[in-house]
Amino acid sequence: MANDRLSGGEPPAGDHLQSVYRFWLVGHQLERGRAPWKDPYSFQPIVDPQTVLGGWPFGFGFWPLEAALGPVVAWNLLLLGTIVVAGLLTYAWLRCLDAGPFGAALGGLLFALAPYRLEQSAGHLLGWMAILLPLALLAVERARAAPTPGRTHAWGATAALAVASIPLSGQLHLALGAVPLVLAYAALRFSRSSFAWTLAGSVAAVAIGLTIRYTLILGSPEEGGRSVSEVRRYSAEPVDFVNRWHAPRSEEFVYLGWLTPALALAGLAILLRRRRALALFLGVAALVPLLLALGTNLPGYATVWRHFPPLHFTRVPGRLLPIADLALAALAGFACADLVRRAGSRAAAAAAALLVLVVLDLAVQPLSATAADPDNGAYQALASSPPGRVLELPLFEPGQHYGSVYDYYQLQEGRQQPGGYSTIAPKAAFDFYFTHNRLSCGVWLPGDAATLIHLGISSVLFHRGVYVQAHRRGAWFAWRGLQAAGFGPVATGGAVTLFGPGDGMRAAPVSEPPRYRPVLCTGWRGRTMLGREATIWLYGEGGLQLHLGTPKFLRVRLLADGRLVDQRRFAGNVVIGTTLVGMRWHPLLISSEPGLRLTELTW
């Protein structure tokens with residue numbers, strides 16, 4: 001269960017596949033006596049084995065479930081379990097606050113079914129780790145009321161562990177809100193032991209966050225932080241909070257419900273008359289994440305973003321919304337408890353009506369069944385082939401989620417590969433992608449085959465389905481390029497084909513592009529270069545001219561059929577070209593800098 005996406009015959013790419021992979025790594029590494037936080041397969045041998053976040057704490061539960069039931073069932077059981085546990089923990093916490101049995105139960109249901117939390121459970125671990133918020137608050141309450149010092153410290157340690165686990169799982173953005181939330185709550189419901197433990201957990205969380213910042217993030221392309229343009233792209237608009245038809249799997253999906261906010265406002269009014277301090281705490285906990293979710297649509301947010309360094313590494317302003325979900329659930333729970341009490345002899349009918357209305361209010365169903373592709377034939381053949389690294393095509397920049405498909409297939413046959421999926425991968429991994437991405441479009445240069453041999457790559461996996469998912473051009477050229485480079489098809493499983501050394505020839509499983517128009521393949525957005533290299537395929541012969549434009553002075557090199565045919569240093573506009581020999585497809589490789597624009601092409 002995840003977000004339904006275009007699959008193309010393979011598991012649809014998404015963070016859920018990365019999460020499954022990192023859960024699996026915990027048991028896989030422990031069974032071999034290795035550190036469960038190390039990834040021995042991704043970006044190899046380009047960089048040292050990477051420290052990965054996300055295995056804690058759910059990877060330890062995934063391990064036995066996966067061994068007994070397989071990864072798909074294990075994931076689904078854990079996902080469903082987090083929904084149930086989210087409700088139970090919230091219920092237990094609200095009972096400690098004297099919300100009443102029905103109010104606490106409805107509050108638990110509201111948090112369990114909160115659309116944003118469910119949406120962020122389908123792919124990201126944000127929704128999973130959000131269950132630690134009510135756990136931490138519950139632990140503070142239990143530590144206050146514990147009858148013995150031993151139980152006091154046990155519950156206090158639980159609160160500390162819950163807070164520290166949020167950044168330890170990689171959810172640094174949520175930790176920015178969770179730490180002050182739990183600390184403020186421990187101060188509001190003060191007892192010496194519970195506050196001391198919460199403070200210790202908060203200090204540990206900050207230390208973990210700083211360690212991640214100055215070890216894992218340092219040296220990656222993200223070490224300088226995100227850009228305001230990225231934040232603007234993922235900022236919600238006010239209407240999104242009540243837009244239940246906004247497409248799930250979108251980062252702007254922040255639907256709160258229609259009835260739920262109204263009930264929360266009523267609960268706030270009730271608590272302000274009876275328990276002002278708690279009302280203010282819950283009101284602020286609900287309001288601040290909602291305002292921050294607006295991102296650059298909120299006046300002054302960009303200024304705060306620039307001057308508050310921790311925000312520099314955040315991209316999606318709405319990642320604090322689980323805190324608002326919990327606060328709204330609590331306030332609505334108090335409102336419903338009051339409504340049922342006022343109903344008197346009709347309390348049961350009122351409770352039933354509220355239950356039905358709340359479920360209908362939140363029933364947007366962001367989860368759906370997705371393809372899993374267990375026991376893929378190509379990977380079964382890989383498992384029986386000699387040891388060696390693999391290359392997965394098409395290649396993707398390490399920060400693009402399409403690489404998660406390759407992570408997931410590691411569960412069927414773990415092999416080191418130079419690709420992978422991590423937004424904080426070292427720069428060397430990005431360099432490999434930018435240098436060799438042209439192989440995804442079948443553009444090979446002299447020495448490429450020797451490079452793969454030097455890297456220990458003996459097999460290539462061609463993912464027709466991932467070409468479809470990513471809307472990547474060039475699958476037909478990639479297939480022919482592999483055969484021309486000395487690789488032949490060995491086995492096929494669904495949309496995946498295993499290539500090994502050999503001369504086996506087989507027709508490509510995709511159609512040849514139309515010959516009457518050029519194919520702008522890798523490295524383009526529209527007609528603008530994205531990286532250092534871009535490829536084009538042309539069919540024909542005779543004179544070729546490329547009209548290029550750039551506002552700054554730079555160097556450009558043109559290779560046709562693997563040979564350097566033209567190079568210039570210029571600013572403004574220039575025409576480069578060559579003569580194509582032979583009525584056939586010709587690969588062009590343009591080497592320059594991002595931003596170079598192709599204004600016209602004639603041949």
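**An open sheet and its aromatic surroundings**

In this predicted model, four strands form an open sheet of mixed pairing, in the order S3-S4-S6-S5. Strands are DSSP runs of E with at least two residues, helices are runs of H or I with at least four, both numbered from the N terminus, and two strands pair if DSSP finds at least two bridges between them. Local features need pLDDT of at least 70 and side-chain atom pairs count only at pLDDT 80 or more, while totals for chains, interfaces and linings use all residues. Residues are numbered from 1 along each chain as its sequence is written, and side-chain values use heavy atoms, with hydrogens and water left out.

Q: Which are the edge strands of the sheet?
A: The order of the open sheet is S3-S4-S6-S5. An edge strand here pairs on one side only, and this holds for strand S3 (389–393) and S5.

Q: In which sense, parallel or antiparallel, do S3 and S4 pair?
A: Strands of a sheet pair through backbone hydrogen bonds, either parallel or antiparallel. The five bridges that join S3 and S4 are parallel.

Q: How many bridges join strand S5 to S6?
A: Strand S5 (residues 487–493) and S6 run antiparallel. Gly488 stands opposite Gly500 in S6, and the hairpin of S5 and S6 has two residues between the strands, with Gly494 at a positive phi near 60 degrees. The number of bridges joining S5 to S6 is six.

Q: How many residues of strand S6 are buried?
A: Buried means under 20% relative accessible area, exposed over 50%, and partly exposed in between (1.4 Å probe, protein chains only). Strand S6 spans residues 496–501 and is mostly covered. Of its six residues, the buried ones number five.

Q: Is the aromatic pair of Trp24 and Tyr41 stacked or edge-to-face?
A: Rings of Phe, Tyr and Trp (its six-membered ring) pair if their centres lie within 6.5 Å; planes under 30 degrees apart count as stacked, over 60 as edge-to-face and the rest as tilted. Trp24 lies in helix H1 (residues 15–31) and Tyr41 in the loop between strand S1 (38–39) and strand S2 (50–51), 17 residues apart. Both residues are buried. With 6.3 Å centre to centre and 25 degrees between the planes, the pair of Trp24 and Tyr41 is stacked.

Q: What is the angle between the planes of Trp476 and Phe477?
A: Trp476 and Phe477 are both buried. Their rings form an edge-to-face pair, 5.3 Å centre to centre, and the angle between the planes is 80 degrees.
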